[in-house]
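Please study the sequence and the structure before reading each solution.

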Amino acid sequence: MGADLKAGEKKKVEPVRRCAGCGLKAGKSEFLRTVRVPGKSGEIIFDPELKIEGRSLYFCKSMECFLTLMRRRAPEKLMKHSIPDVLR
């Protein structure tokens, strides 16, 4: 235990996130992420690299979770922004 770490190094721990559709908790790399870009436009975009700053929403990589979170109107509640009718 800890034999692979050199002196003074710390083990990196991946942040845990919760799926907005089913509530599953997992490392953030296990989820898809959308981000509301800061500013007046409030544009909501997909963030495949998990690096864009802004209010975000994580969900599982299954269509079932995506449909559940859209049915619950989770993006509007969690991202505090209306979702275009095309995505409903």
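In these exercises, a contact means heavy atoms within 4.5 Å. The model is predicted.

**Exercise 1.** Describe the overall architecture of the protein chain.

*Solution.* 
1. The secondary structure consists of two helices and five strands.
2. Along the sequence, these elements follow the pattern β-β-β-β-β-α-α.
3. Among contacts with a separation of 6 or more, 38% involve residues 24 or more positions apart.
4. Of the 88 residues, 27% count as buried.

**Exercise 2.** Determine which residues of helix α1 are buried and what covers them.

*Solution.* 
1. Helix α1 spans residues 63-71, and its buried residues are Cys 65, Thr 68, Leu 69 and Met 70.
2. The cover over these buried residues includes β5 (55-59) and α2 (74-78).
3. Just after α1, Arg 73 adopts a positive phi of about 60°.

**Exercise 3.** Classify the aromatic pairs, and state whether each ring residue is buried or partly exposed.

*Solution.* 
1. The count comes to two aromatic pairs.
2. The ring centres of Phe 31 and Tyr 58 are 6.5 Å apart and their planes lie at 65°, so this pair is edge-to-face.
3. Phe 31 lies in the loop between β2 (25-27) and β3 (32-36), and Tyr 58 in strand β5, so the pair ties together parts 27 residues apart in sequence.
4. Buried means under 20% relative accessible area. Phe 31, at 4%, is therefore buried, and Tyr 58, at 9%, is buried.
5. Phe 59 and Phe 66 form a tilted pair, with 5.8 Å centre to centre and 50° between the planes.
6. Phe 59 is buried at 7% relative accessibility, whereas Phe 66 is partly exposed at 26%.

Notes. Residues are numbered from 1 along each chain as its sequence is written. This is a predicted model: local features need pLDDT of at least 70, side-chain atom pairs count only at pLDDT 80 or more; totals for chains, interfaces and linings use all residues. Side-chain values use heavy atoms; hydrogens and water are left out. Buried means under 20% relative accessible area, exposed over 50%, partly exposed in between (1.4 Å probe, protein chains only). Helices (H or I, at least four residues) and strands (E, at least two) are DSSP runs, numbered from the N terminus. Rings of Phe, Tyr and Trp (its six-membered ring) pair if their centres lie within 6.5 Å; planes under 30 degrees apart count as stacked, over 60 as edge-to-face and the rest as tilted.
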